[in-house]
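Here are my notes on the model you sent. Please read them with the structure open.

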Amino acid sequence: MELDELKYQLNKRLDADQPKSTSELSLLLKKAATSVIHKLQRSLWIDMAANILVLLIFIWQALFNKLWSLRIYFGTFIIFSVIALVVLIYLIRKIEVFNNTVLPVKQNLEQVYKIINFYKIICFRATMIFIPLCIIYALSLGYLEGKSGTSVDYSMIVQKLGSKIWMVVAGIVLYLSIIGVGGYYFTRWFLDRLYGQYLIKLKSLIEELDTE
Amino acid sequence: MPVEQEFITLLNKNQNIIHKVCAIYMDTLADKEDLFQEVTLQAWKSFATFRGESQFSTWLYRVALNTAITFFRKEKKQPQVINTEVFPEPVQQSPFLEEQTKAMYKAIAELSKIDKALVMLYIEDYSYHDIGEILGITPNNVAVKMIRLKSKLKESTQKHYQF
């Protein structure tokens, strides 16, 4: 039996579901959407709120911390925090525009893929850059602060350690490697778990539409 | 008429479209309900951009298919079983035709999301040009896909009808 011969029957069969009343339909409009893109939008709003809170703390610390090294540290991270805020606003705006537009299926799939992939790449790169950057920057500023005499003098500690210094350096390198390598694999695993499978499915759907 | 009221009225008239999409894309009643809710919400969110350039039904088809195609449930560990109990009630017809329709329905349930969209639009009598516009591909591509799809369905229906 061919599709054309059963066209009418199939259409009737698919048409036979119980219709919803207008009050049921109205109620549905009050519920929350559960699609991946809506979930991402909600998590971006949470990220934004957290980012604003962190930004305020950074500004407070940059202005009023007793140690100049920490004032510089938090002052620098105000810039990064503002950049993160701009990226979050850009993504939320992009999703907002996307949600209000009805595109053809293929373009719709491509847009969802682009938004999620962009978020995934940004998250991954930011984590990879910031973990070592924060540690090295904090250690360097701490060392300089100590040398200037307003805090613990690390150069004195280095002198006291003498030949054992290589053990401390090795310890720091090991710590950075574990944090770096661990952070790399954990972030990759976490982002893949959240969006990896979804992106693969979207890509295969786009490819399926493209193939003749 | 307030916008929400206008939307509900239009949706009420065309809700069979969402029911059809849910029936073809989901295999449990709970999943169907979830998808119905998701399509309704998505249509409501984008209703402001509906300018009446196309028919509401065509616009709703786009929304429903976009939502259904990007709507993924967590993979179930057990193999997927086609649950015929959730199929919409059959229309009155001869037992032979009923069995054939059932077999065809099972064959459709096994198709990919894109193929399901093609079947859906095809049985709604959309032209290849319109199907191409909804899916974002060329009418030529639609024609090629339909030829392949029809023979795939024929084979698969025969398989289901034998057992």
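Which residues does B:A117 touch, not counting residues up to four places away in sequence? The reply is in point 1.

1. **B:A117.** The residues touched by B:A117 are A:V105, B:L65, B:I69 and B:L135, leaving out residues up to four places away in sequence. Two residues are in contact when their C-beta atoms, placed from the backbone, lie within 7 Å.

2. **Ground rules.** This is a predicted model, where local features need pLDDT of at least 70 and side-chain atom pairs count only at pLDDT 80 or more, while totals for chains, interfaces and linings use all residues. Residues are numbered from 1 along each chain as its sequence is written, and chains are lettered from A and ligands numbered from 1 in the order in which they are written.

3. **Confidence.** The model scores ipTM 0.83 and pTM 0.81. Chain B has an average pLDDT of 84, with 86% of its residues at 70 or above. (pLDDT is the predictor's confidence in each residue, from 0 to 100.) Among the helices of chain B, helix 6 (residues 128-135) is highest, at 94, and helix 4 (residues 95-109) is lowest, at a mean of 82. Treat residues 77-82 of chain B separately: pLDDT stays under 50 there, and the model has three contacts for them beyond four places in sequence.

4. **Chain A, overall.** Chain A has seven helices and zero strands. (Helices are DSSP runs of H or I, at least four residues; strands are runs of E, at least two; both are numbered from the N terminus.) The radius of gyration of chain A is 27 Å, whereas a compact globule of 212 residues would have one near 17 Å. (The radius is taken over C-alpha atoms, and the globule rule is 2.2 Å times the number of residues to the power 0.38.) The C-alpha trace of chain A spans about 90 × 35 × 25 Å along its principal axes. Buried residues are 13% of the 212 in chain A. (Buried means 20 or more other C-beta atoms within 10 Å of the residue's own, exposed 12 or fewer, and partly exposed in between; C-beta atoms are placed from the backbone.)

5. **A:F118.** This residue lies in helix 5 (residues 105-147) of chain A. A:F118 counts as partly exposed because it has 14 C-beta neighbours inside 10 Å. A:L44 is 74 residues from A:F118 in sequence, and 13 Å away C-alpha to C-alpha.

6. **Domains of chain B.** Chain B splits into domain 1 (1-76) and domain 2 (89-163). (The bounds come from an automatic or database domain assignment.) In chain B, nine residues of domain 1 contact seven residues of domain 2. On the domain 1 side, helix 1 (3-25) and helix 3 (56-70) of chain B each supply at least two residues. That side has six nonpolar, no polar and three charged residues. (Nonpolar means Ala, Val, Leu, Ile, Met, Phe, Trp, Tyr, Cys and Pro; charged means Asp, Glu, Lys and Arg; the others, Gly among them, are polar.)

7. **Core.** The largest nonpolar core has 60 residues, and B:V21, B:A64, B:L65 and B:A117 have the most contacts inside it. (A nonpolar core is a set of buried Ala, Val, Leu, Ile, Met, Phe, Trp, Tyr and Cys residues joined through C-beta atoms within 7 Å.) Helix 1 of chain B gives the most to this core, ten residues.

8. **Interface.** Chain B puts 57 residues in contact with 42 residues of chain A. On the chain B side, helix 1 of chain B has the largest share, ten residues. By class, that side divides into 27 nonpolar, 19 polar and eleven charged residues.
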